Amino acid sequence: MKSTLDHATLAEEFNKDEERVDWHDGALWWIRQKRDRSANQTPQWEELREAASAIKSNVISNLHDYLIQFEENLKKNGVKVYWATDAEEHNQIVYSILKEKEIKQMVKSKSMLTEECQLNEYLEDRGIEVINSDLGEYIQQIDNEPPSHIVLPCIHKRKEEIGELFHEHLGTEKGLSDPTLLTRVARKHLSNVFLTRRAALTGVNFAVAETGEYVVCTNEGNADMGAHLSEVQIASMGLEKIIPERKHLGVFLRLLARSAIGQPITIYSSHYKKPRAGQEMHLILVDKGRSDLLARPDFRDSLKCIKCGACMNTCPVYRKSGGLSYHNTISGPIGAILAPNLDMKQHADLPFASTLCGSCTNVCPVKIPIHEQLYKWRQEIVKLGYSANRKTFSMKAMALTLSSPEIYSTAGKTGRWLLNNVPFAINNKFNPWYKQRDMPDSSQQSFGEWYAKNGSKK
Amino acid sequence: MSSRENILAAVKKNQPPLTALPDISIFKVHEEDIVKKYSEMFASIGGLLVSAGSLENVKEQIRMNFDQGKRILTTLPSLSDVAELSDPEADPHSLLDVELAIIEARFAVAENGAVWLTEDVMGHRVLPYIAQHLAVIVPENSIVSTMHDAYANIASEDYGFGGFIGGPSKTADIEQALVLGAHGPLSMTVYLIK
């Protein structure tokens, strides 16, 4: 199911539809602007980011004790706790919980972790049907595609395409593409799903060590509809979702929705602590590479991520290449620094899918130095020989050219001569820079030549 | 070793030296007119705000604005002449036909328009999410400025479930077009009382 094509190739595919690229670019930039307005209206915004980052630093430095404290409190609250080293173990745990209750259908709210674990596929192979209830994720599911954005799962789709999917899967009239009407159809269909599912799985936004409660944030209300109507409630979370105390939620809930979509808070911020009468609650703590990431000083700060998606919305490469071209559940700049930790070879291309402009770092609510990590991953990847051959070759050629004044001067002369006399030798499809661009006109001489002629004149 | 022991051992071995938690008491906002600020915020996220003043006026508003032929449920005995009193023993699945749920907030937050509800005021955990429309009564003197004040209020209170609700449920998943009424209520009205 994982794509074997790299980001550049997949982005090229996305770029064939220029109108779609322009729309995608504009839609995400609009969200970035909403984020800016919202941040600017919030007093002490920069101090809030600083505090959030410091709280997460503390979490990373004391994770062992917080995990034990969280587990103790969960148990006290009547929640059953599980630990999973990897995706396989996580999926087995979910399956065993459902199997014991003879449950064949489950409803699931947004959870990037279970997407990463490919839980739906695992359960479907064992005869259990899973329905994603977040509207965007539902749309992606019926189209058999992963989400392209962690907050806006189908931002790359046009409403006509969604209308076509609804026509095929939900029997709506052909050609219907009005967002309100389509949402009403999904509301009706999923309301019946919520009502009939005995098990509901949610992700976790924040898990409070001090109290053993966990907070789930949505705008649609789908997590609550599923959880409160279920007899078995399951939550899956990565180890890094821990925060020390309940009062720290104040800091994170002020930052999350403002950073994500420019909203002052998500419509629903639900604090789950104990099962209701007649209900079971299960929580799975998943490592899946996180403890390894802790051991990498240059990269461990990426564990601070609260999955707001602000870095994607602002990223010029993401906006113009689409989330699916990252061939990883978490796309965009944050995905490009998280993925190599899990499999450096498979994701060797992702840290190169960036201009290193630093815009991601500027908007990150927990101040992860994303662009610096992208740059450091590039060095790791090249050092370990995982970079694409073409890139390694051109970097070696560049290093040789820059280290020898003679070669540098000859290469410059040759380049200028080619551009001026035989431009088609450079403006052709073998030069990736030429795609979507014309090469600039070249000057007749280099600065060195000009200086030799004019430098001594007063 | 079990996965638990393996994971904890790896975390302990790999986590960096301890850093201190920051002081978050620095986040203070003083609102000149906290009711006005709350009202503006709540309206800006798609909520309907009514300065009702008293419970009597709330009843009047409900009679005027909601179809009395449909199922209206409340957890407040004082509203039992305009609504059916929620039965804590009922099966939550039986609440699907609730047109309007009326509950009282523990408090509200000016900076984002949200109300804080715990399961004891919800009656059923699912009620404020499953009703087609939600009405929440907010005493004006319960409004706090920020989320920091909100958590100072909640302090170490024990509850099974609690939630902030900041407006009608919404989605913009289809081409970023805002649609109110995703899976939760289609509308949310806050009645401010003195």
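This is a predicted model: local features need pLDDT of at least 70, side-chain atom pairs count only at pLDDT 80 or more; totals for chains, interfaces and linings use all residues.
In which sense do strand β7 (residues 232-238) and strand β10 (residues 280-286) of chain A pair, and over how many bridges?

**Stop 1: a strand pair in chain A.** With β7 and β10 of chain A highlighted, you will find that they pair in the parallel sense over seven bridges. For a residue-level view, pick S236(A) and look across to β10(A), where I284(A) is its bridge partner.

**Stop 2: the whole sheet.** Now widen the selection to the open sheet of chain A, whose six strands follow the order β1-β10-β7-β4-β2-β3. The pairing here is parallel, and from one strand to the next the twist averages 20°. Next, colour β1 (79-84) and β3 (129-132) of chain A: these stand at the edges with a single partner strand each, so each has one side without a neighbour in the sheet.

**Stop 3: where the chains meet.** Show both chains and select the contact, to which chain A gives 70 residues and chain B gives 61 residues. On the chain A side, go to helix α3 (residues 45-61), which supplies the largest share, eight residues. If you colour that side of chain A by class, you will see 34 nonpolar, 21 polar and 15 charged residues.

Stop 4: Finally, select strand β9 of chain A (residues 268-272) together with strand β9 of chain B (residues 161-165). Five bridges join these two strands, which run antiparallel. Zoom in on S269(A) and you will find F164(B), in β9(B), standing opposite.

Note on methods: Residues are numbered from 1 along each chain as its sequence is written. Chains are lettered from A and ligands numbered from 1 in the order in which they are written. Two residues are in contact if their C-beta atoms, placed from the backbone, lie within 7 Å. Helices (H or I, at least four residues) and strands (E, at least two) are DSSP runs, numbered from the N terminus. Ala, Val, Leu, Ile, Met, Phe, Trp, Tyr, Cys and Pro count as nonpolar, Asp, Glu, Lys and Arg as charged, and the others, Gly among them, as polar. Two strands pair if DSSP finds at least two bridges between them. Axes are lines fitted to C-alpha atoms, for helices over the stretch in contact, and angles run from 0 to 180 degrees between N-to-C directions.
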